[in-house]
Amino acid sequence: MRRITPLRLSLFLLPFLIALLFAYVTQHVWEDYYITWRSSKNLATGHGLVYQPGEKLHTFTSPLGVLLPAVASLVTFNASDAGALWLFRIWSAAALGGAALIFWQLARQLAFARLAAMLLLGWLALDSKIIDFSINGMETAFLVLFLAWTLHAHFNRTANAWKHLGLAWAGLMWSRPDSFIYIGLVAAGFWLFNDPARSGRDRRQMLVLFLRAGLLTTAVYLPWLLFAWGYYGTPVPHTITAKSGFADPHTLTGLVQTVLRLPLEMWTGRGSIHATFLPAYHQFGGWPEVVVQSARAIAAGIALLWVLPFLRMETRASSFAFFGAHVYLTYYPYFPFPWYVPTTTVLAVFSLGSLLAQALSVASRWEQHNPASRRPRQLLGSAFAVVVVILAANVWLTWQSGRLFAAQQAIVEDGNRRKIGEWLRANSTPSDTVFMEPLGYIGYFSGLKTYDMPGLSSLEVVETRRRVGNGWEKVIAELKPRWLVLRPHEIEGLQRASYDLLKTDYLFAREFSVQDQLAELSLPGLPYLKHDATFLVYERQPEHSGNAVLQDESEFPISRITIDDQELTFAHAPSVLVRHLPRSAQTFTVFFGFVPDAYTDPADHTDGATFTVELVDGEHTRELVSRTLEPFANPSDRGLQRFIIELPPRGEGARLLLRASPYRTISKDWTCWSDGSFD
């Protein structure tokens, strides 16, 4: 066992304390953590490793990511969600500290200059995504730890090297099942660019090492595969199944085309490489362009180091794996989600640190051969300046990311999405269902059966998509959830696809918005927060509900018109429009009045009409409000008028009647009503 020295303790504590400080300041909890945490808590409380009790569906990706929080819940006696999360954060921060110690040992073994080791360890300790995804509930810290162990094991010259490599690979698989891609890429890189003088093995010996390590990996990971297969009926996580079907089918030709195009397109920001060193969801904008372009250029350069034959094997191998990983992230996922990227960041930083180590080694030899030359000292000074600038840039990015995520947590997550879930829980019954895209907070805090898009938590959504396609309006129409939680742009898409869906089948119930609070902030990356600043909740109505129109004694057709930017229903008096009430509605606001042509002609105009709103509750009908308008005789009655009605308690299936009755005659009684809104 290695002795704990002050240096080793410092190396461990640097990333450990930075991560926990970031967690304390931001309190950031990632949306996807609550997807996994719902399964973790169900396991810890005896309901099984499931998202919805009674439904054996593999709704998480990482085995460690779901099991460790369950253990944390048990340790805290299932009494504190926050306590369990903080325990998981401490374990994750410790994993980062362990990765730092492994990289330090590897840097010493490979004779890295101190400046190169400082770049490697400093960048990994300060990278914004590595830090954030290590404390916000994701499995990233364990991926970093086991990837560091994997890289170190390739240079292990002892007889136990295969055990180290096999256990490191198994740790990667337990952290995330797609790790076999990274395992294969790293192994291929070290085999292709092998230098026996540095690895201590020829290619044949390396293949034997990989074979023995692979058998150990299989033995360690097989219990999970067998459990998942027996428990869920398939070893493939449902999260992977649900995300399929949104992009073009994957083919070998498409993969080859991605490989060939990537060296040219990565400089333009296409694909995923440009995200390597940038904050999560930087694509929404708001970050300085010089930072974005610099990060893109560095990542693109690292991705091509493997083609240079004069570089060391570790530089080329990690660069090759980095390039291949981004081929995978560019081609296979329909979007390069930011929690996929930190693994590639580790490969990139190790490759860059190794490159710097080789450059400084060359400078050292120059100095030995020609002590009077100033070139080695100039190179060292330039390298030092570059390292300082890079680390300073990382400090700035992490600081600004911390400010952004602290605002996200306080305003968007706790102040909006969590409140939506809690409101749904308070206004629903246990048998209700809810449809939305952002599953985490809303799904966990509502506790409801969820129909998320694309169906991470719901087999029904995936099966429905296979039958009717990916159109939200089709999925909603098939599944008929009671509640919809939608962003404004999602509402626009639904209205374009199915105008009646949010007019008849579903009625507006509640708006949750923090736009005003975000408008007061000035932060890099702020557009990302605005994406989740506003949600509207809709409630499904009983069958045959909505704006059903009854034409009593009217010879004129019903139609839609626009007055003063209001979309209205034109219904010549006498007429009745029917609005079914959301069960949670407290008030009803509606505009009403006359079409201007009804009163502008002195010789032929309306004499007025009475507008009444009635409540029908079972067999009882009561008038809520009434007003007679005479727009020709009384100018104040012209234009749109408004009722704001406090709704009384009522039973299931209650509805409102919007009645327009002639005053004296029916001549030109061209009345109209807005759809109205509920709150």
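**Figure 1. Overview of the chain.** The secondary structure of this predicted model comes to 24 helices and 16 strands (DSSP runs numbered from the N terminus: helices are H or I of at least four residues, strands E of at least two). The C-alpha trace spans about 110 × 55 × 50 Å along its principal axes. Of the 679 residues, 56% count as buried (under 20% relative accessible area; exposed is over 50% and partly exposed in between, with a 1.4 Å probe and protein chains only). Among contacts (heavy atoms within 4.5 Å) between residues at least 6 apart in sequence, 74% join residues at least 24 apart. Residues are numbered from 1 along each chain as its sequence is written, and side-chain values use heavy atoms, with hydrogens and water left out. Local features need pLDDT of at least 70 and side-chain atom pairs count only at pLDDT 80 or more, while totals for chains, interfaces and linings use all residues.

**Figure 2. Close-up of helices α1 and α17.** Helix α1 covers residues 6-26 and helix α17 residues 375-426; they pack at an angle of about 40°, with their axes 8 Å apart (axes are lines fitted to C-alpha atoms over the stretch in contact, and angles run from 0 to 180 degrees between N-to-C directions). The two helices are therefore oblique to each other (angles under 35 degrees count as roughly parallel, over 145 as roughly antiparallel, 65 to 115 as roughly perpendicular and the rest as oblique). From α1, Phe-22, Val-25 and Thr-26 meet α17 residues including Ser-401, Phe-405 and Gln-409. The contact residues divide into four nonpolar, five polar and no charged.

**Figure 3. Close-up of helix α20.** Trp-472, Glu-473, Val-475, Ile-476 and Leu-479 are buried in this helix, which runs over residues 472-479. Seen down the axis of α20, the buried residues fall within an arc of 165°, so they line one face of the helix (the arc is that of the directions from the helix axis to the C-beta atoms). Lys-480 follows α20 and has a positive phi, near 55°.

**Figure 4. Close-up of Thr-671.** This residue lies in strand β15, residues 671-674. Thr-671 counts as buried because its relative accessibility is 0%. Its side chain reaches the backbone oxygen of Ala-571 at 2.4 Å. Beyond four places in sequence, Thr-671 touches residues including Phe-570, His-572, Phe-594 and Phe-611.

**Figure 5. Close-up of Trp-267.** Trp-267 is found in the loop between α13 (252-265) and α14 (289-302). With a relative accessible area of 42%, Trp-267 is partly exposed. Its C-alpha atom is separated by 6.8 Å from that of Arg-296, 29 residues apart along the chain. Leaving aside neighbours within four places in sequence, Trp-267 is in contact with Arg-296, Ala-297, Ala-300, Gly-301 and Leu-304.

Methods:
Polar contact = N/O pair within 3.5 Å; in protein donor to acceptor, adjacent residues only side chain to side chain. Nonpolar A, V, L, I, M, F, W, Y, C, P; charged D, E, K, R; others polar.
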